[in-house]
Amino acid sequence: MITADRPGETEAQRDDRNLVELLQELRVAAIGVQVIFGFLLSLPFYARFTALGHAQRALYVTAVMLAVVSTALLLGPVAFHRLVFRHHMKEHLVRAANVMAIAGLAAVALTVAVAVLVVVSCVENDLAVILVTVFTVGLFGGLWFVYPMLRRRGSPTDSGPSAPPPAFPDDGRGHTGGAGPKPST
């Protein structure tokens, strides 16, 4: 069956492409969460860590647990892929991995926000802590979720799977604006 994503692309080819793109994105995200997780795990071994108040320690534990959740969600698709490999479940894998990746990114954003909150609370006053935390949450929320969702609203494929592919006019040299060769007529 031909899909509307790319002219001439079958569902199996689309699933293969989507999986490759998703796994590449997860590689980048996993490295980031590993760095944050490593930083958080090293904090208790610094002398100044004992000076943290009860609330700061609770935030620290929250940040560590969010890093655990982030790691599990961002690496989950890799484990899922290994366990269902060659069981003809690629479309289900891509859908589940997409959900895990989005949830994992949300958990990473929260991890960073809470880690920043812990660090800033050690060196600044209440107002600065609030401002930096609000800025951090707004930055991640805006760039990672709000902006893409706003852009997605106007996309041609947002109306559902039956939407026709966008038309790419011929540029006069026999090439179209789309990817790949010009379809034969």
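Helix α4 bends by about 50° at Gly142, the bend at a residue being the angle between axes fitted to the seven residues ending there and the seven starting there. This is a predicted model, in which local features need pLDDT of at least 70 and side-chain atom pairs count only at pLDDT 80 or more, while totals for chains, interfaces and linings use all residues. Residues are numbered from 1 along each chain as its sequence is written, and side-chain values use heavy atoms, with hydrogens and water left out.

**Overall architecture**

- The secondary structure of the chain comes to 4 helices and 0 strands, where helices (H or I, at least four residues) and strands (E, at least two) are DSSP runs numbered from the N terminus; from that terminus on, the elements run α-α-α-α.
- Of the 185 residues in the chain, 30% are buried, a label that stands for under 20% relative accessible area, with exposed meaning over 50% and partly exposed in between (1.4 Å probe, protein chains only).
- Among the contacts in the chain (heavy atoms within 4.5 Å) with a separation of 6 or more, 61% come from residues 24 or more positions apart.

**Helix α4**

- Because the expected span is 1.5 Å times one less than the number of residues, the 28 residues of helix α4 (residues 126-153) should span 40 Å, and the 38 Å between its end C-alpha atoms agrees with this.
- The buried residues of α4 are Ala128, Val129, Thr133, Thr136 and Phe140, and they pack against α3 (90-123).

**Aromatic pairs**

- The structure holds 2 aromatic pairs, a pair being rings of Phe, Tyr and Trp (its six-membered ring) whose centres lie within 6.5 Å, with planes under 30 degrees apart counted as stacked, over 60 as edge-to-face and the rest as tilted.
- The rings of Phe49 and Tyr60 have their centres 5.0 Å apart and their planes at 75°, so this pair is edge-to-face.
- Since Phe49 lies in the loop between α1 (11-42) and α2 (54-84) while Tyr60 lies in helix α2, the pair ties together parts that are 11 residues apart in sequence; both Phe49 and Tyr60 are buried.
- Phe140 and Trp144 form an aromatic pair that is edge-to-face, at 4.8 Å centre to centre and 85° between the planes.
- Being 4 residues apart in helix α4, Phe140 and Trp144 are separated by about one helical turn, and Trp144 is partly exposed, with a relative accessible area of 34%.

- Leaving aside its neighbours within four places in sequence, Leu26 is in contact with Leu74, Pro77 and Ala101.

- Thr111 lies in helix α3 and is buried, with a relative accessible area of 0%; leaving aside its neighbours within four places in sequence, Thr111 is in contact with Ile36, Leu40, Ala63, Leu66, Ala67 and Ser70.
- Asp15 lies in helix α1 and, at 9% relative accessibility, counts as buried.
- Leaving aside its neighbours within four places in sequence, Asp15 is in contact with Lys90, Glu91 and Val94.
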